[in-house]
Amino acid sequence: QVQLVESGGGLVQPGGSLRLSCAASGSISKINDMGWYRQAPGKQRELVAIITSGGNSYTADSVRGRFTISRDNAKNTVYLQMNSLKPEDTAVYYCDADIRATGDYYSKYWGQGTQVTVSS
């Protein structure tokens, strides 16, 4: 069974940094796109950044220049480096990945979410 496990969230002061990690495990044949989304209280889930298996990436306007997405294909892991954090970045952050499990078709998988709180 395939699962995504996130780590790295927490409480940080404005201007601070955090690094989120999301590792995929299980019977994995191949992983295509991996990404990060976030959902603040009372708001819809929004795309933060996405990265292809070849390393091409897209970052949302709201975080561009502050957040960087990367991945380690050998470890089936995607990262989100978050710098210059602002209170409006407070949200639950979710990772997702398009994964082909062994003997199966591609499906989208989600992590359980990790809370990021930016506050003084």
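The protein chain has 11 strands and zero helices, where helices (H or I, at least four residues) and strands (E, at least two) are DSSP runs numbered from the N terminus. Along the sequence the pattern reads β-β-β-β-β-β-β-β-β-β-β. This is a predicted model, in which local features need pLDDT of at least 70, side-chain atom pairs count only at pLDDT 80 or more, and totals for chains, interfaces and linings use all residues. Residues are numbered from 1 along each chain as its sequence is written, and side-chain values use heavy atoms, with hydrogens and water left out.

**Overall dimensions and surface**

- The radius of gyration of the protein chain is 14 Å, which agrees with the value near 14 Å for a compact globule of 120 residues; the radius is taken over C-alpha atoms, and the globule rule is 2.2 Å times the number of residues to the power 0.38.
- Taken along the principal axes, the C-alpha atoms fill a box of roughly 50 × 25 × 25 Å.
- Of the 120 residues, 40% are buried (buried means under 20% relative accessible area, exposed over 50%, partly exposed in between; 1.4 Å probe, protein chains only).
- The accessible surface is about 6400 Å², and carbon and sulfur atoms account for 45% of that surface; areas come from the Shrake-Rupley method with a 1.4 Å probe, and for residues only the protein chains shown count as cover.

**Contacts and charges**

- Among contacts between residues at least 6 apart in sequence, 55% join residues at least 24 apart, a contact being heavy atoms within 4.5 Å.
- There are 12 positive and 10 negative side chains, with the centres of the two sets 3 Å apart.
- In this count Lys and Arg are positive and Asp and Glu negative, while His and the chain ends are not counted; the charge is placed at NZ of Lys, CZ of Arg, CG of Asp or CD of Glu.

- Y93 belongs to strand β9 (residues 91-101) and is buried, with a relative accessible area of 0%.
- A polar atom of the Y93 side chain lies 2.7 Å from the backbone oxygen of D89.
- Leaving out residues up to four places away in sequence, Y93 touches residues including W36, Y37, F67, L80 and V116.
- Beyond its neighbours within four places in sequence, D96 is in contact with residues including L4, D33, M34, Y109 and W110.

- T77 sits in strand β8 (residues 77-82) and counts as buried at 7% relative accessibility.
- The T77 side chain has a polar atom 2.8 Å from the backbone oxygen of K75.
- With residues up to four places away in sequence not counted, T77 touches C22, A23, M34, S70, R71 and D72.
- N76 lies in the loop between β7 (67-72) and β8, is partly exposed at 25% relative accessibility, and has a positive phi of about 50° although it is not a glycine.
- S84 lies in the loop between β8 and β9 and is partly exposed at 42% relative accessibility.
- The phi of S84 is near 50°, a positive value in a residue other than glycine.

Key. A polar contact is a pair of N or O atoms within 3.5 Å; within protein, one must be able to donate a hydrogen and the other to accept it, and residues adjacent in sequence count only if both atoms are side-chain atoms.
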